[in-house]
Structures are given as C-alpha cells and as structure tokens.
Amino acid sequence: MDAHKIVADDMRGSINKALRLRILSNLKTGGDFYKNPACISSKHTMFADQDDYLQNYHHKYEQGEYLAAFQDGAFLQVNYEFEHTRKRHAYLKKMNLCYLPAVESDYIKNEYIRIDYDATVKSSFFHPVAHVHIGFTNSIRLPIDEVFLFSEFLQWILYLYYPEEFETYNGGALKTSNTFDKEPYGKITKEKVLSTELAAYYYLKTLQSAKGL
C-alpha cells in the first residue's frame, strides 16, 4: 500500500473537479505540494474557541491559511502525515480535516467540523484514535471507524451544508430529497428511520444493546 499516492491522487482528482464546477476556488497548492513524502498539508490552524475564531477568521482567510475556499467564504484545511516502511510503501500516521465556516457580521454561518486521526497516541474509550469534532462549544468526540479521503470529506461537507453543490458535484445522480424510506419497520417505528440516502453518507450508529461495554 502507498497511502501517500492514494491520498495525492484522490485530492488532485476531487479538487480539480470542484474547481471546474466552481464549487471551490482560491486553491493554495504550489508545484511541490504533493512532493513531500512525509506529509500532504495545507496551512492549518487550531482555534481555541468560538471567540478566537470570530476574531481571527478574516486574518486567516486573507493570509491564505487554507487549502481551498467555498463561494460563501468558508474554507478547508487538510493535513495528512505518513509513515514509510519501504519504497512506495506507506501508511497514514496522522490526519486532520477541517471545515471552517464563513463569518458574516460576527455570525458563524455553519458549524465548524474537524476530523482527527492520530496513530501515534494511545487511544482510549473517551479519546478514540479517529473522531469528529462539531462546533467550538463542546468537547464531544464522535468516534468513526475509518479515516476519510479528501474526496469523501468534501462530499460530506457538501451534503451537510451545500445541497445544490452536492447535486452538481455528482452530476445530478445523487439527491438530497428525503430522510425516510417507506420501508417497514424500524425498531419500534412504523417506517424505517434511516434512509438509504443518509446511510451512504454520515450517521451515528446506535448500539442495539449494552452487551460488551
């Protein structure tokens, strides 16, 4: 496996497509962006809290501290770090993917989202090795069972916040139409709660029982 090549090829393809469709703009990658074997990384920033973000959003945007921007002024930051075991053989060691929402008149348009993965630290029940942060005002880490390629993260953000762009990106083949399937039954509901549409993207898997905890 060459994780570096997989990530680089995926980013090139999805970014070029999003630029062509005018979903993303202001790309901040130079000619050597993908050449460092240890990492593929934009400039990225950790914000302490919502006030810190409100105070520094415009500065970070103007300084170009991101990978690419959406048309509303939101932007993306990425960081992939790799461990090379031999030539053309690498694994992902660390990943940070951030969606940084636009600020309008001291109002944050959407929720901040960050996905973290770090194989170098000891995981715990309360700090899983791969997890999602949503918003600036909580410390909840939502575990995930796999890392994200950039294309998957972009699709997820489009699905959550930019439904028209999501459909454009997918050529109209995927819709954001409903949240219920007309298929009986749920656990105690008349209709199935999770639609096929939602299952293809992101949802919280509920525990069927407490056994094994």
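Let's start inside. The largest nonpolar core has 40 residues, and Met 11, Phe 70, Tyr 80, Phe 150 and Phe 153 touch the most other members. A nonpolar core here is a set of buried Ala, Val, Leu, Ile, Met, Phe, Trp, Tyr and Cys residues joined through side-chain atoms within 4.5 Å. Buried means under 20% relative accessible area, exposed means over 50%, and partly exposed is in between (1.4 Å probe, protein chains only). Two or more residues each come from α1 (3-20), β3 (68-70), β4 (75-86), β5, β8, β9, α3 (150-161) and α4 (163-169). Helix α3 gives the largest share, seven residues. There's also a second, separate core of 14 residues, with Leu 54, Tyr 66, Cys 98 and Tyr 112 among them.

A quick word on the source: this is a predicted model, where local features need pLDDT of at least 70 and side-chain atom pairs count only at pLDDT 80 or more, while totals for chains, interfaces and linings use all residues. Residues are numbered from 1 along each chain as its sequence is written, and side-chain values use heavy atoms, with hydrogens and water left out.

Back to Met 11. Which residues is Met 11 in contact with, leaving aside its neighbours within four places in sequence? They are Asn 16, Phe 33, Tyr 34, Ile 40, Leu 67, Val 78, Tyr 80 and Phe 150, where contact means heavy atoms within 4.5 Å. Across the chain, residues 24 or more positions apart account for 51% of the contacts with a separation of 6 or more.

Now for the strands. The chain has five helices and ten strands; these are DSSP runs numbered from the N terminus, with helices being H or I of at least four residues and strands E of at least two. Strand β8 (residues 113-118) is largely enclosed by the rest of the structure, because six of its six residues are buried. In a regular strand, side chains alternate between the two faces of the sheet. For β8, Ile 113, Ile 115 and Tyr 117 are buried on one side, and Arg 114, Asp 116 and Asp 118 are buried on the other.

Strand β8 has partners, too. Two strands pair if DSSP finds at least two bridges between them. Strand β5 (residues 89-100) pairs with β8 in the antiparallel sense over six bridges, and Tyr 99 stands opposite Ile 113. Strand β9 (residues 130-134) also runs antiparallel to β8, joined by five bridges, with Asp 116 opposite His 131.

Next come the rings. The whole structure holds 17 aromatic pairs. Rings of Phe, Tyr and Trp (its six-membered ring) pair if their centres lie within 6.5 Å; planes under 30 degrees apart count as stacked, over 60 as edge-to-face and the rest as tilted. Here are two of the pairs:

| Pair | Centres apart | Planes | Type |
|---|---|---|---|
| Phe 33 and Tyr 34 | 4.9 Å | 90° | edge-to-face |
| Phe 70 and Tyr 99 | 5.9 Å | 70° | edge-to-face |

Phe 70 is in β3 and Tyr 99 is in β5, so this pair ties together parts 29 residues apart in sequence. Both Phe 70 and Tyr 99 are buried, and Phe 33 and Tyr 34 are buried as well. Ring pairs also link a cluster that includes Phe 47, Tyr 53, Tyr 57 and Tyr 61.

Arg 12 lies over the face of Tyr 34, at 4.3 Å from the ring centre. A charge sits over a ring if NZ of Lys or CZ of Arg is within 6 Å of the ring centre and within 35 degrees of the ring normal.
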